[in-house]
Amino acid sequence: MKIAVLPGDGIGPEIVGQTIKVLEALKLNMSFEHAPVGGAAYDLTGEPLPAATLAAARRADAVLFGAVGGPQYDNLPRAKRPEQAILGLRKELGLFANLRPAIVYPELAGASAIKPEIVAGLDILILRELTGDIYFGQPRGIRQLPNGDREGFDTMHYSESEVRRIAHAGFRAAMKRSKRLCSVDKANVLETSQLWRDVVTALAAEYPEVELSHMYVDNAAMQLIRNPKQFDVMVTGNLFGDILSDEASMLTGSIGMLPSAALDEKGKGLYEPIHGSAPDIAGKNLANPLATMLSAAMMLRYSLDQEAAAAKIEAAVRKVLASGLRTPDIYQPGTQKVGTVEMGAAVVAALS
Ligand code: IPM
Ligand code: MG
């Protein structure tokens, strides 16, 4: 199994470093090829996604990604910004299906800003389309109108086939869980969403066991706070999914705990924590490596067909949480604060 390792910026190298230790401790037949990405790659090569990095990602069976971005890159032209690396990888590798689970670990229910009774036991999956929508739509730009006023514009579109493949992924995910699928759109206003809703509705006939519902995105944003446990799998477009998945992460109170997967048609994927590069705490042994380790578990499960190893990592993480160890982001009085390295060592120890 060949893994491309793209640590990126900020806390990326620390959290990925600890995760590699966990993967090595599993003693699977894995090889790792490191490549720079994001700001780190820009500093080295002038490009956030160098051709060699993209080639390493293409060669690999799966990609383990840290995080990209930092204040020193914020004023670069858009094409050179670190975010372009992740957008480019998604597009170039055809990673259209983004799985973003939001799980509340019993030990961390008190860490949420929402009342524990609303979030305790929460386990939802947001399935976000990742290679279409207004993120990639053309035309886009900033232009001058005849009256001298400047105007920014972007184009939202989805083809039937794009909607169909992510909807299929949504129905299949629902079949593996509680068989409830909520499709989120803005069909009361947007043509793109009307087509989305029509296509998803038509597919439902192929999955008679799945209970399909539709919800407007504004209402979904509200319902996620009011009663998040009404949801199981939510499927939505790129932009709405970006926003709703950040919202859902906060229900758990611990963005440092949430993994994600971005998969292509064949199940090859890129795996990354959903949190960012956190430049303010980089290099200080403060970052929580658990989301990256849980992303590696998803990698073993979805791309490498190693369910037992995936479950082993997840069990080790739960064991370490139960033992009371906490990085500062999930610390609560009565638990024991540890650093990135100590947390990594504890997970490695808990594997055996
Ligand atoms: C995410 C991020 C990215 C996105 C950015 C960094 C381009 O917010 O993965 O959710 O908008 O998709
Ligand atoms: Mg986002």
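Glu-265 forms a salt bridge with Arg-165, and the closest N and O atoms of the two lie 3.1 Å apart; a salt bridge is here a side-chain nitrogen of Lys or Arg within 4 Å of a carboxyl oxygen of Asp or Glu. The model is predicted, with local features requiring pLDDT of at least 70 and side-chain atom pairs counted only at pLDDT 80 or more, whereas totals for chains, interfaces and linings use all residues. Residues are numbered from 1 along each chain as its sequence is written, chains are lettered from A and ligands numbered from 1 in the order in which they are written, and side-chain values use heavy atoms, with hydrogens and water left out.

The protein is divided into domain 1 (1–95 + 264–352) and domain 2 (97–260), the bounds being taken from an automatic or database domain assignment. The C-alpha centres of domain 1 and domain 2 are 23 Å apart. To the contact (heavy atoms within 4.5 Å), domain 1 contributes 28 residues and domain 2 contributes 25 residues. About 2300 Å² is buried between domain 1 and domain 2, 62% of it on carbon and sulfur atoms; buried area is the accessible area (1.4 Å probe) that two parts lose on being put together, summed over both.

Between domain 1 and domain 2 the count is one salt bridge. Six residue pairs, both members at pLDDT 80 or more, are in polar contact between domain 1 and domain 2. A polar contact is a pair of N or O atoms within 3.5 Å; within protein, one must be able to donate a hydrogen and the other to accept it, and residues adjacent in sequence count only if both atoms are side-chain atoms.

On the side of domain 1 that touches domain 2, at least two residues each come from helix H4 (83–93), strand S12 (269–273), helix H10 (290–302) and helix H11 (307–322). Helices (H or I, at least four residues) and strands (E, at least two) are DSSP runs, numbered from the N terminus. H10 supplies the largest share of this side, six residues.

Within domain 2 (97–260), strand S6 (residues 141–144) and strand S7 (residues 150–153) pair in the antiparallel sense over four bridges, pairing being assigned if DSSP finds at least two bridges between two strands. Gly-141 stands opposite Phe-153 in S7.
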